[in-house]
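Please open the model in your viewer and keep the selection tool at hand.

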Amino acid sequence: MPQDAISFKNGAIGYEGQSVISDLNLTLAEGSSLALVGGNGSGKSTFLKTIAGLLPIISGDVRVLGDKPGKQTLRIAYHGQFHPHSFLLPLRSIDVVRMARFPHRGLLGRFTAEDEMIVRESLEIMGAWDFASEPINSLSGGQRQRVFLAHTLARKADLLLLDEPTAGLDVPGISLYEQLICKFKKEGKTILVATHSIKEASQCDNVLLLASRVIAFGTPSQVLTRETLLETFGLVAQLNEENLLFVDPHHHG
């Protein structure tokens with residue numbers, strides 16, 4: 001029987017002792033996927049950073065892979081929303097992805113043939129091998145995002161925390177990302193993704209709607225309703241011909 005990957009009990013999360021979201025009570029099974037949906041400032045990034053151990057929980061209890069946040073670093077990959085656009089060293093794209101293997105080998109550890117294979121495979125999966133030797137600072141925003149996603153893939157983690165992973169990607173890049181998510185799901189990874197896409201959310205096992213508080217948590221069919229999306233975004237949700245929910249800011253009915 002699957003264990004809980006994430007568990008919150010009366011949790012409050014935020015910054016510098018100030019709660020952004022409180023009364024968090026939920027569990028997520030290992031091998032399942034969760035979409036975090038909400039507007040800017042709704043608490044999506046705060047949620048992911050808390051799970052990653054980058055922010056301390058303010059109150060209550062949270063368990064990540066059966067332990068406190070930050071205790072299972074080798075099993076977790078965090079893809080943040082913002083990445084540095086400049087590095088002190090002239091790193092190439094392949095160097096950035098190689099850094100994903102450092103936690104497994106240590107800064108002074110010797111890279112193995114397996115590590116190099118993982119790095120190359122990750123770049124190829126994200127369509128970034130052709131510019132693997134290019135300086136990361138010389139790439140377009142979409143190309144950099146592919147490299148950072150390849151870095152996440154190369155971690156070979158059990159729990160993936162993805163904060164707006166399609167930001168800046170072009171259409172081919174988004175297609176590669178969707179294939180990557182399918183790969184993760186087939187491998188039994190646990191996936192948490194912060195997204196503005198109702199379509200992407202509808203393809204996850206669970207959805208958490210946030211607006212500086214929990215609006216709803218459950219399956220897409222339970223959560224992605226006209227009423228809950230209206231409460232989350234202050235906009236009206238309608239059904240299109242493919243039976244997918246989308247937000248229509250021009251509807252006043």
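Is the crossing of α4 and α5 left-handed or right-handed? The crossing of α4 and α5 is right-handed, where right-handed is the term used if the near helix is turned clockwise from the far one by less than a right angle, and left-handed if anticlockwise. Before you look further, note that this is a predicted model, in which local features need pLDDT of at least 70 and side-chain atom pairs count only at pLDDT 80 or more, while totals for chains, interfaces and linings use all residues. Residues are numbered from 1 along each chain as its sequence is written, and side-chain values use heavy atoms, leaving out hydrogens and water.

**First stop: α4 and α5**

Select residues 113-125 for helix α4 and residues 141-154 for helix α5, which pack at an angle of about 135 degrees with their axes 8 Å apart. Helices here are DSSP runs (H or I, at least four residues) and strands are runs of E of at least two, numbered from the N terminus; axes are lines fitted to C-alpha atoms, for helices over the stretch in contact, and angles run from 0 to 180 degrees between N-to-C directions. The two helices α4 and α5 are therefore oblique to each other, since angles under 35 degrees count as roughly parallel, over 145 as roughly antiparallel, 65 to 115 as roughly perpendicular and the rest as oblique. Now show Ile-118, Ser-122, Leu-123 and Ile-125 of α4 with Ala-150, Leu-153 and Ala-154 of α5, which make the contact (heavy atoms within 4.5 Å).

**Second stop: α5 and α6**

The axes of α5 and α6 come within 11 Å and cross at roughly 10 degrees, which makes α5 roughly parallel to α6. On the α5 side, select Arg-146, Leu-149 and Leu-153, which meet residues of α6 including Leu-176, Tyr-177 and Phe-184.

On a 1 Å grid over the protein atoms alone, a cavity is a set of points where a 1.4 Å probe fits but cannot get out, and a pocket is an open set with protein on both sides within 12 Å along at least five of seven lines; lining residues have an atom within 4 Å of a point. Grid points are joined across faces, edges and corners, and a volume is the space filled by probe spheres set on the points.

The largest pocket has a volume of about 340 Å³. Select Thr-166, Tyr-177, Glu-178, Ser-197 and Glu-200, which lie nearest its centre among 21 lining residues. Helix α6 gives the largest share of this lining, six residues.

Finish at the largest cavity, with a volume of about 40 Å³, by selecting lining residues including Leu-153, Leu-160 and Phe-184.
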